[in-house]
Amino acid sequence: MEIKDLKSLVQYNPEKMAKIPVFSSDKMFFDLYALLPGQAQKVHAHEGSDKVYYVLEGEVVVRIGEEEALLVPGMAALARSGEAHGVRNESASPALLLVVMAPRP
């Protein structure tokens, strides 16, 4: 059985958004994204894979397709296969997200 303490894995990188692997298999990945104020994930797309962003702490603006929305703790957004997506922290506080993608690209 694999069990991880997510809080102990969190590390913020002053240079760029931190992608922190938690669980990974040939079928999916489960990561933490740690964004300091002003940091972002570039808008991109994956054919054949869906991605879910779930906010644990802070707030982020998520873009999926041509739409944007503010997500706060407890909110999640789904980027379906082929949809352009990205996330950015426009707030004055750090943000922490769980990100799941399947199947793994």
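A residue is called buried under 20% relative accessible area, exposed over 50%, and partly exposed in between, with a 1.4 Å probe and protein chains only. This is a predicted model, in which local features need pLDDT of at least 70 and side-chain atom pairs count only at pLDDT 80 or more, while totals for chains, interfaces and linings use all residues. Residues are numbered from 1 along each chain as its sequence is written, and side-chain values use heavy atoms, with hydrogens and water left out.

Begin with Tyr 54 in strand E4, strands being DSSP runs of at least two residues (E) and helices runs of at least four (H or I), numbered from the N terminus. Tyr 54 has a relative accessible area of 32% and is therefore partly exposed.

Next, select Val 52, Leu 56 and Leu 78 as well, which together with Tyr 54 make a nonpolar surface patch of about 280 Å². Such a patch takes residues with over 30% relative accessible area and no salt bridge, nonpolar side chains (Val, Leu, Ile, Met, Phe, Trp, Tyr) being joined within 5 Å and like charges within 9 Å; the areas come from the Shrake-Rupley method with a 1.4 Å probe. Strand E4 (residues 50-57) gives the most to this patch, with three residues.

Now turn to the interior, where a nonpolar core is a set of buried Ala, Val, Leu, Ile, Met, Phe, Trp, Tyr and Cys residues joined through side-chain atoms within 4.5 Å. In the largest core, of 17 residues, Tyr 33, Tyr 53, Val 60 and Leu 97 touch the most other members. The largest share of this core, four residues, comes from E9.

For the charged pairs, a salt bridge places a side-chain nitrogen of Lys or Arg within 4 Å of a carboxyl oxygen of Asp or Glu, and by this rule there are five. Select Lys 7 and Glu 57, whose side chains meet at 2.1 Å, N to O; the pair links helix H1 (residues 6-9) to strand E4 across 50 residues. Lys 7 is exposed because its relative accessible area is 57%, whereas Glu 57, at 29%, is partly exposed.

Finally, go to Ser 91, in the loop between strand E8 (85-88) and strand E9 (95-102). With a relative accessible area of 18%, Ser 91 is buried. Its side chain makes a polar contact of 2.7 Å with the side chain of Asn 89, a polar contact being a pair of N or O atoms within 3.5 Å, of which, within protein, one must be able to donate a hydrogen and the other to accept it, and residues adjacent in sequence count only if both atoms are side-chain atoms.
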